[in-house]
Amino acid sequence: MSKMRKGFLPLLIAAVMVFAAACGSGSNESNGGNGGTMSGAGGSARANPSSDAPADETNGGQNSSGADAKTQKLSGSIEIDGSSTVYPLTEAAAEEYAKEQPDVRVTVGVSGTGGGFGRFCAGEIPIADASRPIKDTEAQKCAEAGIAYTELSVAYDGLSVVVSKDNDWVDHLTIEELNNIFVQGSAVKTWADVREGWPAEEIKMFSPGADSGTYDYFNEAILEKAGIRSDGQISFSEDDNTLVQGVAGNKGGIGYFGYAYYEENADKLKVVPIDGGSGPVAPTPDTIKDGSYSPLSRPLFIYVNNKALAERPEVKDFVRFYIGNIGGMAKDVGYVPLPDEKYAEEAAKIEA
């Protein structure tokens, strides 16, 4: 009997050890089957197994797909100024960004491209909206102030020439006719002076002001830098909505501004097809994107202070958001998005 007890005890101990090992194996499987260590951001076991923290927080703040579980909360203020043409894009981006970062206040001004670059190169604002590339003189001012910057393309625009809905004679204009109407020193007074057979209705012109990138672009593309007339028949404004109202309220009126402002006011304005040498072409998303609306198709930009990108997390985060989302917003506000690969190139500039 004593021999039986001596033989039974080792067998009992062995059985208990096998059972314990089996239980341990099941525990490992419930933790991911990694030999008793729970995989996390660094692949090591959780330091405090009794913690009530959710699994995604113990895994380096990541969820099961590897994406950030929570967006980092930022605060601060970002002031942007410049082009009235780019304004609808930047304003849309700012409104959407506020939903993600409500403690970051983004304000957008419309002093015109030139006005925006003036403030940007003086170090007053971290971001400038621009409807044309920066001029050499403006770039020199930035350099003298020690301000390095990054140029980012955001969308395409078709600078749109418009007349009143009451104008029933203009079906299109050639580049030469458009030049004759707006060029400095022009003798054109009525529509009869533009084309034979048109009425002797006085022309009232509406143009963006000299600080506008749209003014500069029109002067270069249509007037060959000869300058825009500045007599009593033309009114200037940095506010495109003022130009819209001016043209809409004058039967003989004509003006030009970004495509988004025409789209928004198509019920009261008539867009004029432009003959750039290959027949009349009206601005549409397709003709703007493929360049057939020539020479008035153009890219739009934002310029970002590199120091602000490096030292202000809210600025870098907003610019990332802008480039990452503006393609979808561009259509909503009346502009044409860039190709996806172009947005990828612009995003890479931000990180560089």
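Helix α13 covers residues 340-351 of this predicted model. At 1.5 Å a residue, its 12 residues should span 16 Å. The end C-alpha atoms lie 17 Å apart, which agrees.

Three residues of α13 are buried: Y343, E346 and I350. They cover an arc of only 60° around the axis, so they sit on the same side of α13. The general rule is simple. An α-helix has 3.6 residues a turn, so residues three or four places apart point the same way. What do the buried residues of α13 pack against? Their partners are β4 (149-158), α11 (306-311) and α12 (313-332).

Now turn to the aromatic rings. The structure holds 15 aromatic pairs. One of them joins F218 and Y256. This pair is stacked, with 3.9 Å centre to centre and 10° between the planes. F218 belongs to helix α7, while Y256 belongs to strand β9 (residues 253-257). The two residues are 38 residues apart, so the pair links distant parts of the chain. F218 counts as buried because its relative accessibility is 0%, under the 20% cut-off. Y256 is buried too, with a relative accessible area of 0%.

Stay with helix α7, residues 213-221, for N219. Is N219 buried or exposed? At 14% relative accessibility, N219 counts as buried. Beyond its neighbours within four places in sequence, N219 contacts E224, K225, A226, G227 and I228.

The charged end of R298 sits over the ring of Y217, 5.6 Å from the ring centre. Elsewhere, ring pairs link F117, F120, Y149, F301 and Y303 into a cluster.

Terms used:
Residues are numbered from 1 along each chain as its sequence is written. This is a predicted model: local features need pLDDT of at least 70, side-chain atom pairs count only at pLDDT 80 or more; totals for chains, interfaces and linings use all residues. Side-chain values use heavy atoms; hydrogens and water are left out. Helices (H or I, at least four residues) and strands (E, at least two) are DSSP runs, numbered from the N terminus. The expected span of a helix is 1.5 Å times one less than its number of residues. Buried means under 20% relative accessible area, exposed over 50%, partly exposed in between (1.4 Å probe, protein chains only). The arc is that of the directions from the helix axis to the C-beta atoms. Contact means heavy atoms within 4.5 Å. Rings of Phe, Tyr and Trp (its six-membered ring) pair if their centres lie within 6.5 Å; planes under 30 degrees apart count as stacked, over 60 as edge-to-face and the rest as tilted. A charge sits over a ring if NZ of Lys or CZ of Arg is within 6 Å of the ring centre and within 35 degrees of the ring normal.
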